[in-house]
Amino acid sequence: MSHSSAAYPSAVPVGVDTTRASIARVYDAALNGKDNYEVDRQVLDQVRSVAPQVNDLAWANRDFLIRACRFLARAGIDQFLDLGSGLPTAENTHQVVQRVNPQSKVVYVDNDPSVLVHAQALLASNSRTRIAEADIFRPLEVLGNETVRRELDFTRPLALFHIGTLHHYLGDDGPALMQTYIDALPSGSFVAIAHFHDPETAEYSELARKMEEKFIHSPMGSGRFRTRDEIQAMFGTLDMVEPGLVRCDDWWSDGPHLTPLSDVRNCIVGGVGRKP
């Protein structure tokens, strides 16, 4: 906790450092939420200098999550492991899937103090939704977590979400990281990923690289725009659900395709894979 917030113990949750940007709080700011600080808004301001519609990255990501939740719940999946849940302003995973099937169980995983405090309050009255504290980029830590093992049945299909998270992993071994998760899932399980994307086109590649430069050199320190092949590799040998790995705005399993509203929306893709 920073010294500047010590005089106002009710304003900032214990353990929250307001001098450093938080990935979850930056997303919250992009979604017009209230759980963010000046340092988080600075990140968006920096990226906005090269991409005025930067908030669209967060909205495309959030809308993809909602559609994927709806699709998977309707497909009969009733267990969800949501990695890096963040601080959404509305329509969390558990709200979407439990509307389809009230018996659905959801375990969120995060290690951001802001998220943990927020989630504990949010989930206090929901017996089928839990938050586990673990590092989402350490699969064995997540898979061995007591809450995860207790709440989810790994002998039955489940959905694992890495939505809007893996672009904050700066290592080059993302496919191996994801394969560890995939190997732990039973047959019939699904994996959903959304990721910042370098389209490798003359029209949008420069925009992606400019945004990446601003994200990585901001107070947040991360935000890689990987190529299609790099992102597809994270699905391993999973069978891709139609329409495959596409712009988040184009991932519609049961409805119309959206026309992207801004250039920025060409720089985030999503997809869902199924384990045979």
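This is a predicted model: local features need pLDDT of at least 70, side-chain atom pairs count only at pLDDT 80 or more; totals for chains, interfaces and linings use all residues.

User: Why is His168 called buried?

Analyst: The cut-off for buried is under 20% relative accessible area. His168 has a relative accessible area of 8%, so it counts as buried.

User: What makes Gly271 buried?

Analyst: Its relative accessible area is 0%, which is under 20%, so Gly271 is buried too. Gly271 belongs to strand 8 (residues 268–274). Not counting residues up to four places away in sequence, Gly271 touches Phe64, Val191, Ala192, Ile193, Phe235, Met240, Gly244, Leu245 and Trp251.

User: How far apart are Gly271 and Ile163 in space, and how far in sequence?

Analyst: Their C-alpha atoms are 9.5 Å apart, while 108 residues separate Gly271 and Ile163 in sequence.

User: What makes helix 1 largely enclosed by the rest of the structure?

Analyst: Helix 1 covers residues 23–30, and seven of its eight residues are buried, so the rest of the structure largely encloses it. The buried ones are Ala24, Arg25, Val26, Tyr27, Asp28, Ala29 and Ala30. They pack against helix 2 (38–48), helix 3, helix 5 and strand 5 (190–196). Just after helix 1 comes Asn32, with a positive phi of about 65°.

User: How do you know that strand 2 is largely enclosed?

Analyst: By the count again: five of the six residues of strand 2 (residues 105–110) are buried, so it is largely enclosed by the rest of the structure.

User: Why do strands 1 and 2 count as paired?

Analyst: Pairing takes at least two bridges. Strand 1 (residues 79–83) and strand 2 are joined by five bridges, so they pair, and they run parallel. Phe80 stands opposite Val106 in strand 2.

User: And what joins strand 2 to strand 3?

Analyst: Five bridges join strand 2 to strand 3 (residues 129–133), and these strands run parallel.

User: Which pieces make the right-handed β-α-β unit?

Analyst: Strand 2, helix 5 (residues 113–123) and strand 3 make it. The crossover is called right-handed because, with the strands pointing away from the viewer, the path from the first strand over the helix to the second runs clockwise.

User: Which residues of the largest nonpolar core touch the most other members?

Analyst: Among the 56 residues of that core, Leu57, Phe80, Phe161, Met211, Phe215 and Val272 do. Helix 3 (residues 55–74) gives the most to this core, with 10 residues. Another core lies apart from it, with 29 residues, among them Val107, Ala132, Tyr169 and Val191. As a general point, nonpolar side chains in soluble globular proteins tend to be buried together.

User: What does Phe161 touch?

Analyst: Not counting residues up to four places away in sequence, Phe161 touches Leu65, Cys69, Leu72, Phe80, Leu81, Asp82, Leu83, Thr93 and Ala192.

User: How many helices and strands does the protein come to, and what share of its residues is buried?

Analyst: There are 10 helices and eight strands, and of the 276 residues, 56% count as buried. Of the contacts with a separation of 6 or more, 70% are between residues 24 or more positions apart.

Definitions and conventions:
Residues are numbered from 1 along each chain as its sequence is written. Side-chain values use heavy atoms; hydrogens and water are left out. Helices (H or I, at least four residues) and strands (E, at least two) are DSSP runs, numbered from the N terminus. Buried means under 20% relative accessible area, exposed over 50%, partly exposed in between (1.4 Å probe, protein chains only). Contact means heavy atoms within 4.5 Å. A nonpolar core is a set of buried Ala, Val, Leu, Ile, Met, Phe, Trp, Tyr and Cys residues joined through side-chain atoms within 4.5 Å.
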